[in-house]
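The sequence and the structure are shown below.

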Amino acid sequence: VVPGLEGGGEILLTWTGARALFFEQTDPYSGATPNYVQRQVYGREAHPGEKPYILDIPPFLLLLYFPIGALESALIARAVSLFISEAALLVLLILSLRLADWQPRRLYLVMFFLLIPVSFYSLWSLMDGSQAILLGLLLAGTLLALRAESDELAGLLITLSLQHWEAVGPFLALILLWVISHARWRVFTGMFMSLFIVYGFDTA
């Protein structure tokens, strides 16, 4: 176990996977990746019932973590990822207000921005390095893009959120059903274009 790396398993998982794929030319989906992360998080291999930290992000979407993987120090990668998550949480709060069309009084607004970042779920996501905040930001951005009729942008954001399809699948299914029922076909154009570009970079 490297001192200072305890916890933050999700950050270590994506960092380790990106480094393995893009910089070490090894298989990021081998048993070595979860084994390393488990030892950093638990100080040992995961016991039954504990999170195994198995990388399940498709290779072409793992490209999104190339900048984090380029950092040789896991500690620096965790610090950068934590800063990004904190900034994403702030933006997510702002977008949530816009989605709800809520204009609270100043006191309520201050309480909103002070209390939600220190709530259990926010702190847990930040401590574990969970992608939940970034996924929430992508989904909120998707809804706002659809409302603004920026369908190609909505398609791009949907594609980026597929990195954890098992978590956002039901929500995306409802969005795509709405897209089909309203014949907003440009959303699919944005999805296919972004998939083509990302996959092309990954295979280059």
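## Tyr108 and the basis of the model

Tyr108 is partly exposed, with a relative accessible area of 45%; buried here means under 20% relative accessible area, exposed over 50%, and partly exposed in between, with a 1.4 Å probe and protein chains only. Tyr108 lies in helix 6, where helices (H or I, at least four residues) and strands (E, at least two) are DSSP runs numbered from the N terminus. Between Tyr108 and Phe23 there are 85 residues in sequence and 47 Å in space, C-alpha to C-alpha.

The model is predicted, so local features need pLDDT of at least 70 and side-chain atom pairs count only at pLDDT 80 or more, while totals for chains, interfaces and linings use all residues. Residues are numbered from 1 along each chain as its sequence is written, and side-chain values use heavy atoms, with hydrogens and water left out.

## Aromatic pairs

Rings of Phe, Tyr and Trp (its six-membered ring) pair if their centres lie within 6.5 Å; planes under 30 degrees apart count as stacked, over 60 as edge-to-face and the rest as tilted. By this rule there are 8 aromatic pairs. The ring centres of Tyr42 and Tyr53 are 6.2 Å apart and their planes meet at 45 degrees, so this pair is tilted. The pair links distant parts of the chain, 11 residues apart: Tyr42 belongs to helix 2 (residues 32–42), and Tyr53 to the loop between helix 2 and helix 3 (59–62). Tyr42 is partly exposed, at 24% relative accessible area, whereas Tyr53 is buried, at 5%.

Trp102 and Phe112 form an edge-to-face pair, at 5.9 Å centre to centre and 85 degrees between the planes. Trp102 is in the loop between helix 5 and helix 6 (106–115), and Phe112 is in helix 6, 10 residues apart. Trp102 is partly exposed at 41% relative accessibility, and Phe112 is buried at 15%. Elsewhere, ring pairs join Phe22, Phe23 and Phe66 into a cluster.

## Nonpolar cores

A nonpolar core is a set of buried Ala, Val, Leu, Ile, Met, Phe, Trp, Tyr and Cys residues joined through side-chain atoms within 4.5 Å. The largest has 17 residues, and Val37 and Ile57 have the most contacts inside it. Helix 1, helix 2, helix 3 and helix 5 each give two or more residues to this core, and helix 1 gives the most, with 5 residues. Apart from this core lies another, of 15 residues, including Leu160, Val168, Leu172 and Val187.

Contact means heavy atoms within 4.5 Å. Leaving aside neighbours within four places in sequence, Ile57 is in contact with Thr14, Tyr29, Leu62, Tyr65, Gln163 and His164. Thr33 lies in helix 2 and is buried at 3% relative accessibility. With the neighbours within four places in sequence again left aside, Thr33 is in contact with Leu13, Thr16, Asp27 and Pro28.

## The largest pocket

The largest pocket has a volume of about 420 Å³. On a 1 Å grid over the protein atoms alone, a pocket is an open set of points where a 1.4 Å probe fits, with protein on both sides within 12 Å along at least five of seven lines; lining residues have an atom within 4 Å of a point. Grid points are joined across faces, edges and corners, and a volume is the space filled by probe spheres set on the points.

The lining comprises 18 residues, of which Tyr65, Ile84, Gln131, Leu134 and Gln163 lie nearest the pocket centre. Helix 1 (9–22), helix 4 (66–69), helix 5 (74–100) and helix 8 (132–147) each supply at least two lining residues, and helix 8 gives the most, with 4 residues.
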